[in-house]
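The following note sets out points for a colleague who has the sequence and the coordinates to hand. Each point takes up one part of the fold.

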Amino acid sequence: MNAGDQAADLAVQGTNTSSITSKRSLERLGYLDPSHVPSVTEKDSPLMLKYVVPKPIRRSPVINRAYYQRTESIRKIVEGWIGQCEQLEVAECAIISLGCGFDPTYFRLATLRKNTQSATKLRYVDIDYPTLITERLYMVRNEDTLFDLLPENANVDDIGNFVSDTYSCLGIDLRDLKQLERGLESAQVKKNGNRIPILVISEVVLAYLAPEESDALLQFFAGYSEATFILHEQCIPTFDEEDEDENLHPFALTMFRHFERTMTPLKTLREYRSLYDQLDRFERLGWPKCDILNMNLVSDEIVLQSPEEHQRICSLEPFDEYDEQFWIGAYYFIAIATTGPKAQVSSTLSQSPDVTQALGLRSKIHTWSSSNDHPEGSFASLSNATFETPAIPSQSIEWTAHNPIAGLEINRKGHTLSIMGDEAFIFGGFGLDPSGAVEDQKVFQQRSQQTRLGSMIQYNLVTGANRTHPREEDGPAPRMHHSAATTLDESAIYIYGGRDGPTKVHNDVWRYTVEDGWDPLWRGRISQEGDTSCPKGLFKHTANMMTIAGREMMVLFGGRLASGEANSQVWAFDLQDGQWGHFEWRSEQDQQTFGVFSHSAVVTQDANHQECLLVIGGIRMSDERVLNSVYQISLGVSENSQCWVEARALDIRASTGEPLKPRFGHSAVAVDSDRIWILGGVSSPGLLQWHETMVEIQPRRATFQTLKPSCFRELVMVGHATALDAKRQRIVGTGGGGTCFGFGAWWDASAWGIHI
């Protein structure tokens with residue numbers, strides 16, 4: 001092995017440190033129930049993590065959630081498989097953990113099984129690089145809690161290996177299959193011997209091997225008569241069907257660059273990108289049954305099945321990085337593949353352990369596989385029937401020939417864009433301080449270079465003249481995810497709310513005019529209870545100017561409170577008297593329905609040509625599901641001066657019958673009274689593909705079509721801001737971006753325009 005190969009191996013081994021540090025963060029914050037064993041607390045937990053990371057580092061909330069989904073899903077799969085073996089009255093079974101690092105699963109299971117009676121004998125085998133196994137064994141032998149869980153009378157107990165009847169810890173390079181087979185035979189897990197059911201776990205391990213090396217490993221384990229293989233690693237969902245090899249989503253580009261930079265390139269991922277590539281791979285290498293779910297689907301169907309667990313996780317720490325969470329969920333997956341029982345091998349088993357049955361997934365997989373009503377792009381199965389998904393009608397659109405805001409790098413998200421006449425105004429958001437120059441403003445900016453912004457960029461759409469107004473001492477504080485609504489006569493911009501920190505939410509109204517600058521119209525305290533005469537401070541809401549009972553009002557819909565809860569109340573700020581009005585839902589069920597945020601809302605007309613609000617998509621707070629709903633919201637004032645609001649759901653479908661894709665973090669623009677353009681956003685459980693990024697809804701006809709731009713562009717189009725530039729017959733978009741799971745941040749630095 002040359003020096004380069006050795007350095008690469010050391011870099012891969014270093015990923016164990018990052019992974020275990022993240023899992024320790026989960027343990028400290030309470031994401032992980034201490035070993036899931038009754039009466040065990042963190043103090044005496046056998047999870048091992050506290051011994052490996054004595055000085056824990058708190059990871060970001062989105063990394064905590066991603067590792068929680070990963071750790072909890074593997075735990076449930078392992079325990080489900082063991083439960084199936086016990087239910088089938090299997091005499092013995094074996095679990096093999098590839099690239100185990102400091103994974104504590106054996107010690108948790110040993111603690112659990114001490115307190116339960118099981119007729120099924122479990123052999124557990126941990127395998128990793130010899131140097132890592134030596135470190136692991138040294139730590140275990142020096143911690144009483146762990147050492148006491150090691151089986152007595154080991155056959156091998158030296159510095160780099162431990163072999164016993166029920167637990168073995170082997171230092172083996174997984175590329176050496178002969179050594180691997182010898183090691184497993186020493187642990188009494190034999191291909192042609194006892195023929196016991198085995199569960200193989202590979203948690204982000206095969207991706208670092210060359211494709212031929214990882215293929216050989218899969219084929220090796222396919223030789224076992226009763227094998228189940230659990231593979232968790234990255235994938236590259238198709239983003240642009242017309243050129244899926246070159247036109248990648250910015251998350252994928254950032255992820256590839258990160259692993260290349262850290263000398264841990266994802267070698268196998270270059271060969272097997274999509275879930276379908278992985279499916280073909282398993283079948284070709286001897287696995288006749290295989291089901292693959294991306295992590296968004298795993299979270300929905302395995303990890304967070306109960307409302308109680310969902311509420312528990314939400315209560316652990318403030319969380320608002322939903323775009324990153326669902327991106328991560330689309331780019332990671334779990335495959336569950338099985339080999340048996342093989343017809344040519346005699347076996348005492350009447351059937352092979354089926355972990356999908358234990359997890360309650362078998363019937364769902366059957367439904368997804370036998371119809372076209374399944375989560376497209378987030379699920380693949382060898383039992384899947386072939387369905388032709390009808391092509392949704394599309395309309396070609398053209399990018400503007402020139403950048404409508406040329407010469408400016410707008411590295412921010414969660415900001416607002418307003419157009420008054422020939423002037424465009426970009427306010428607030430989270431991003432790069434324009435006063436600080438950076439080397440590369442598009443890809444990979446450290447969080448330390450990012451901040452919440454209080455500046456206003458003013459740009460003349462005719463001359464290109466521009467200037468940045470720094471935050472004024474007596475102006476609005478820096479903020480993100482606020483709202484901006486332009487008056488109907490385009491003379492002023494009204495700013496409301498937003499946040500400046502996870503729980504620091506603003507509850508104020510500011511008016512901006514070119515002549516007078518900022519004017520504080522109303523300020524209220526942030527209140528979770530008590531006063532109901534005004535809003536309580538919102539972010540990720542929408543604000544639209546409407547005429548209600550002859551008066552111009554700024555209508556607030558949805559959003560989140562400082563507590564993290566969703567707002568289901570509807571408020572309107574009367575521009576004439578500067579007072580708030582609370583609009584009561586006519587239906588109590590409607591109020592319960594509209595705890596949404598990160599949606600879009602535009603003013604349009606209903607079938608009777610009455611002004612109404614169209615609310616599209618968003619996230620439902622009660623279960624954090626992404627919505628594809630479209631609601632027509634009507635507001636009015638009754639004869640006794642009661643303000644009321646009611647909703648009507650619209651079933652918007654393509655002419656082919658296909659429903660809208662769920663999405664949030666998008667924007668919407670009313671091109672005319674019955675043409676609403678939806679631009680960008682994040683979907684779940686699958687990735688929003690390029691050809692689905694922009695759609696046109698026609699509410700009165702209850703239909704939609706996709707919008708096909710004249711060429712592909714590397715745009716995230718999430719957390720961006722758009723506005724109708726009616727004078728020049730175009731839509732202008734600015735900013736947007738996201739952090740890609742600690743891999744780096746991507747910014748849509750250049751503005752764009754689309755002809756309407």
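Predicted model: local features only at pLDDT ≥ 70, side-chain atom pairs only at ≥ 80, totals over all residues.

1. Ala670 has Ile676 in S35 as its bridge partner. The two strands involved, S34 and S35 (residues 675-679), pair in the antiparallel sense over five bridges.

2. These strands belong to an open sheet of five strands, ordered S11-S37-S36-S35-S34, in which the pairing is mixed. S11 and S34 (667-672) are the edge strands, and each pairs on one side only. From one strand to the next, the twist averages 30 degrees.

3. A second open sheet has four strands in the order S13-S14-S17-S18, with antiparallel pairing. Strand S13 (416-420) and strand S18 (466-469) stand at its edges with a single partner strand each, so one side of each is left without a neighbour in the sheet. On average, and with direction ignored, neighbouring strands of this sheet are turned by 15 degrees against each other.

4. Strand S14 (residues 423-427) and strand S17 (residues 456-460) run antiparallel and are joined by five bridges.

5. With strand S26 (residues 579-585), S33 pairs in the parallel sense over two bridges, and Glu584 stands opposite Trp644 in S33. With strand S32 (residues 630-637), S33 runs antiparallel, and eight bridges join the two. In this second pairing, Ile633 stands opposite Ala647 in S33. S32 and S33 form a hairpin with five residues between them. Ser641, in the turn, has a positive phi of about 70 degrees.

6. Turning to the helices, H7 (residues 177-186) and H8 (residues 211-221) pack at an angle of about 35 degrees, and their axes are 11 Å apart. The crossing of H7 past H8 is right-handed. On the H7 side the contact is made by Leu177, Leu180, Glu181 and Leu184, which meet Ala216, Leu217, Phe220 and Phe221 of H8. By class, this contact has seven nonpolar residues, one charged residue and no polar residues. The spacing of such positions can be read against a general rule: an α-helix has 3.6 residues a turn, so residues three or four places apart point the same way.

7. Leaving aside neighbours within four places in sequence, Val189 is in contact with Ala94, Ile96, Arg123, Val125, Leu184, Ile198 and Tyr224. One of these, Val125, is 64 residues away in sequence, with a C-alpha to C-alpha distance of 9.0 Å.

8. The structure holds 35 aromatic pairs. In one of them, Phe220 and Tyr224 have ring centres 6.0 Å apart and planes at 70 degrees, so the pair is edge-to-face. Phe220 counts as buried at 7% relative accessibility, and Tyr224 counts as buried at 2%. Ring pairs link Phe220 and Tyr224 with Phe221, Phe229, Phe282 and Trp287 into a cluster.

9. How many of the 10 residues of helix H4 (residues 105-114) are buried? Eight are, and the helix is accordingly described as mostly covered. The buried residues of H4 are Thr105, Tyr106, Phe107, Arg108, Leu109, Ala110, Thr111 and Leu112. What covers them includes helix H3 (61-87), helix H5 (130-141) and helix H6 (144-147), together with strand S1 (92-98), strand S2 (121-128) and strand S5 (167-171).

Methods. Residues numbered from 1 in each chain as written. Heavy atoms only, no water. Axes fitted to C-alpha atoms, helices over the stretch in contact; angles between N-to-C directions. Left-handed = near helix turned anticlockwise from the far one by under 90°. Contact = heavy atoms within 4.5 Å. Nonpolar A, V, L, I, M, F, W, Y, C, P; charged D, E, K, R; others polar. Pairing = 2+ DSSP bridges. Phe/Tyr/Trp six-rings, centres within 6.5 Å; stacked < 30°, edge-to-face > 60°. Buried < 20%, exposed > 50% of the residue type's maximum accessible area, 1.4 Å probe, protein only.
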